[in-house]
Amino acid sequence: MNLKTKPFYLDDEAINWVESTLTQLSTDEKIGQLFLPIGYSTDKEYLDNLISYHIGGLFFRSGKAEEVQKTYQYAQEKSKIPLLTAANLEDGGNGAAIEATAYGSQMAVAASNDLNNAYTLGKIAASDGKEVGVNWGFSPVVDLDFNFRNPITNVRTYGSQVENVISCAKQYIQAFHDNNMMTSIKHFPGDGVDERDQHLLTSINSLSVESWKKTYGKVYKELIDFGSKAVMVGHIAFPDYSGDNMPATLNPKILQNLLREELKFNGLIITDASPMVGFCSAMKRSEAVPYTIQSGCDMILFNRHFEEDIQFMKDGLEKGILTEERLDEAVRRILATKASLGLHKAVSYGSAKFRDYSEEQRLLADSSITLVKDNQHLLPIDVNKQKRVLVEILGNSASNERVQNQVQKALTEKEFEVTIYQPETNFWELETVSEFANRYDLVLYVVNVENSSNQTVARINWHTLFGLGNNLPWFVKEIPTALISFGNPYHIFDLPMVDTVINAYCNYDHFINAAVDKLVGESEFKGKSPVNPFCFNDILESLKYENS
């Protein structure tokens with residue numbers, strides 16, 4: 001392990017700090033450094049307990065900025081060794097604090113076809129995160145969205161084009177480096193091939209080694225060479241390389257042979273969240289916790305039960321599942337990562353204050369929203385022709401009310417008469433076809449299926465009333481019908497009969513306002529889809545065919 005080279009670039013002073021600190025640590029302190037738990041409370045007694053185990057890092061989900069900032073500052077001041085403080089900053093600073101900037105999804109950035117926006121996403125994420133004391137972004141996602149059925153990748157990715165993913169990710173990473181922060185490229189060896197979610201099982205990257213090397217392998221090789229300091233490893237198997245279905249987090253062949261030796265990654269390796277079923281179902285947890293470090297991971301993310309996992313690690317060391325040599329190697333990398341951020345000299349606590357990025361938000365939304373098809377030549381809609389609009393929101397996301405209200409507000413301000421669909425409760429109140437067609441001039445499906453973990457699909461579910469309800473698209477030949485997706489770009493799969501489809505990639509208010517502006521022709525469509533929105537897994541199929 002050369003600490004003077006990529007990605008650490010440590011000077012002699014920093015290396016001396018790493019080595020002297022490592023020498024002074026007890027075994028319990030070394031074990032504590034391996035853990036990056038999620039914080040469930042900002043109570044000082046709770047934090048003191050976590051810190052007493054000498055944790056290497058800490059993660060809090062997005063909260064009120066001042067509370068997050070004070071919590072991280074307290075934890076840093078109480079820690080013997082500076083902490084790696086992390087947040088999911090995929091969309092902007094809002095992954096760290098609710099008042100911070102929600103810029104836009106990675107797919108929206110890719111659809112804008114402007115690398116300046118990729119840098120801006122990184123700049124906003126890094127600068128906002130830094131203001132609450134975060135020094136590590138669990139981002140960018142560098143998976144390739146090859147399988148439209150995958151419920152966890154889609155808008156979190158830069159799409160399915162290898163070169164585009166590399167270019168966007170480099171800009172994001174550079175912005176973090178410019179803010180003296182680090183990223184974590186994820187989810188090695190690559191998600192987006194399987195249609196299942198590693199939160200729920202060990203998913204499979206089923207590509208051949210040859211196909212992997214020119215896709216995912218190329219992405220990781222270039223980003224490692226670019227100076228990425230950390231790789232987050234998914235609970236994803238790569239059987240053509242390892243010869244088994246063991247997840248990468250518990251697979252020394254993938255971690256040591258592929259990532260360390262072939263790709264020459266010298267930085268920090270962290271697991272994805274260890275409570276995921278993809279990890280837990282592969283091995284008894286008492287063995288898996290120490291074995292993930294022995295296999296090649298340097299840190300373990302989150303816990304089923306923190307204190308129990310600490311004990312599992314201690315027991316694993318005593319039983320020989322984890323060796324002293326491997327423990328020291330992992331802790332040395334953790335310390336070197338901290339030194340590469342200058343944490344051995346000073347810790348930045350932030351001010352919990354943020355810049356106004358509203359103009360940047362507006363520009364991204366304007367440049368990314370994509371017209372997928374308008375076969376009926378409906379657009380732009382005209383208040384004189386389509387004045388009476390029935391808005392039907394699809395999806396069960398917690399944000400539905402906000403999205404629905406914002407769409408209604410934006411249309412009403414343009415003098416459309418908006419009716420919000422109410423699910424029918426009985427048969428005898430159903431209108432005739434003629435009555436329904438005469439009541440409305442346009443039906444607008446607003447699809448708000450948010451990308452989230454622990455779901456088997458990211459698809460539309462209908463209120464059917466045994467097939468007679470007006471939520472179902474039976475009326476597309478009776479009334480002009482359009483669809484705007486503020487998330488998943490693949491809803492044509494369930495709504496192929498709708499002839500006007502717009503992908504907005506994101507449900508933040510600035511995307512909703514921009515989409516309505518484009519709907520009425522006040523702004524042109526500029527986005528270019530970074531995936532195949534017509535739901536053909538053409539790239540994936542061609543990769544499989546090449547090796548058949």
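Biologist: Ala, Val, Leu, Ile, Met, Phe, Trp, Tyr, Cys and Pro count as nonpolar, Asp, Glu, Lys and Arg as charged, and the others, Gly among them, as polar. On that basis, which classes make up the lining of the largest cavity?

Modeller: Please note that this is a predicted model. The lining of the largest cavity has 8 nonpolar, 4 polar and 2 charged residues.

Biologist: Which residues lie nearest the centre of that cavity?

Modeller: They are Asp-145, Phe-146, Asn-532, Phe-536 and Asp-538, from a lining of 14 residues. The space in the largest cavity is about 90 Å³.

Biologist: How many cavities of 30 Å³ or more are there?

Modeller: The structure holds 3 of them. The second largest cavity has a volume of about 40 Å³, and the residues lining this second cavity include Val-372, Leu-483, Tyr-490 and Pro-533.

Biologist: What about classes and strands there, in the second largest cavity?

Modeller: Its lining divides into 7 nonpolar and 3 polar residues, with no charged ones. Strand S15 (481-485) and strand S16 (500-503) each contribute at least two residues to the lining of that cavity.

Biologist: Turning to pockets, what is the volume of the largest one?

Modeller: The largest pocket has a volume of about 1200 Å³. It is lined by 41 residues, and those nearest its centre are Arg-61, Asn-88, Glu-90, Arg-156 and Asn-451. By class, this lining has 18 nonpolar, 16 polar and 7 charged residues.

Biologist: Which domains does the lining of the largest pocket draw on?

Modeller: Domain 1 (26-341) and domain 2 (362-520) each provide at least three residues of that lining. Strand S5 (185-188) and strand S9 (268-273) each supply at least two.

Biologist: How far apart are the C-alpha centres of the two domains?

Modeller: The C-alpha centres of domain 1 and domain 2 are 36 Å apart. Their contact takes 25 residues from domain 1 and 22 residues from domain 2.

Biologist: How much area do they bury, and how many salt bridges cross the interface?

Modeller: Domain 1 and domain 2 bury about 1900 Å² between them, with 61% of it on carbon and sulfur atoms.

Biologist: Finally, what lies in and around the second largest pocket?

Modeller: The second largest pocket holds about 230 Å³ of space. It is lined by 16 residues, with Gln-422, Glu-424, Glu-431, Tyr-440 and Asn-470 closest to its centre. Strand S13 (417-420) and helix H18 (433-439) each supply at least two residues of this lining, which divides into 7 nonpolar, 5 polar and 4 charged residues.

Terms used. Residues are numbered from 1 along each chain as its sequence is written. This is a predicted model: local features need pLDDT of at least 70, side-chain atom pairs count only at pLDDT 80 or more; totals for chains, interfaces and linings use all residues. Side-chain values use heavy atoms; hydrogens and water are left out. On a 1 Å grid over the protein atoms alone, a cavity is a set of points where a 1.4 Å probe fits but cannot get out, and a pocket is an open set with protein on both sides within 12 Å along at least five of seven lines; lining residues have an atom within 4 Å of a point. Grid points are joined across faces, edges and corners, and a volume is the space filled by probe spheres set on the points. Helices (H or I, at least four residues) and strands (E, at least two) are DSSP runs, numbered from the N terminus. Domain bounds come from an automatic or database domain assignment. Contact means heavy atoms within 4.5 Å. Buried area is the accessible area (1.4 Å probe) that two parts lose on being put together, summed over both.
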